[in-house]
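Open the model in your viewer and keep the selection panel at hand.

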Amino acid sequence: MTKKIRTTVEVIDNVAWITMDDGKVNVMSKEMLEELAARLDALKDDCDVLVLTGREGIFSAGFDMKTINKGMSATVPMVEAGIDLIEKMLAY
C-alpha cells in the first residue's frame, strides 16, 4: 500500500510554505498531524518563517470525526499527535 502524501512544501526566500491537501477538507487525522510534524522537523534549521495553509478554498475541518466516533482508543493517539504538532509549532 502506498503512503498517501497530504502535504507539500515550497521554500521561497527562507519562508517555508506547507500546504495541506487531502483531497477533501483536510481533517486533522493522526496521519495528517504526524506528517505536518515531520515537515516541521525537516524544516526547522532551514527557514526563519513557516506558513501553514490549505489548498484554495479550505484550511481544515479540524479533528477527524470518523476517528473520534471510533472511541477513546482511536481518539487519544490522534489528540496526542495534535499536542505534539502544537508543541513543535510553538517551538519553531
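Select Met28, Leu33, Leu36, Leu52, Phe59, Gly62, Phe63, Gly82, Leu85, Ile86 and Met89: together they line the second largest pocket of this predicted model. Its volume is about 150 Å³. Now colour by element. Helix α1, strand β5 (62-63) and helix α3 each give two or more residues to this lining. Which element supplies the largest share? Helix α3 does, with four residues. Switch to colouring by class. The lining of the second largest pocket shows nine nonpolar residues, two polar ones and no charged ones.

Two packed helices are described by the angle between their axes and by the distance between the axes. The hand of the α1 and α3 crossing is left.

On α1, pick Lys30, Leu33, Glu34, Leu36, Ala37, Leu40 and Asp41. On α3, pick Pro77, Met78, Ala81, Gly82, Asp84, Leu85, Lys88 and Met89. By class, this contact of α1 with α3 holds nine nonpolar residues, one polar and five charged.

Keep some of those picks on screen. Leu33, Leu36, Gly82, Leu85 and Met89 are among the residues of the α1 and α3 contact, and they are also among those lining the second largest pocket.

Last stop: the largest pocket, with about 300 Å³ of space. Its lining has 13 residues. Centre the view on Asp22, Lys24, Val27, Ser29 and Asp64, which lie nearest the centre of the largest pocket. Helices α1 and α2 (65-68) are the elements giving two or more residues to its lining.

Conventions. Residues are numbered from 1 along each chain as its sequence is written. This is a predicted model: local features need pLDDT of at least 70, side-chain atom pairs count only at pLDDT 80 or more; totals for chains, interfaces and linings use all residues. Side-chain values use heavy atoms; hydrogens and water are left out. A crossing is left-handed if the near helix is turned anticlockwise from the far one by less than a right angle, and right-handed if clockwise. Contact means heavy atoms within 4.5 Å. Ala, Val, Leu, Ile, Met, Phe, Trp, Tyr, Cys and Pro count as nonpolar, Asp, Glu, Lys and Arg as charged, and the others, Gly among them, as polar. On a 1 Å grid over the protein atoms alone, a cavity is a set of points where a 1.4 Å probe fits but cannot get out, and a pocket is an open set with protein on both sides within 12 Å along at least five of seven lines; lining residues have an atom within 4 Å of a point. Grid points are joined across faces, edges and corners, and a volume is the space filled by probe spheres set on the points.
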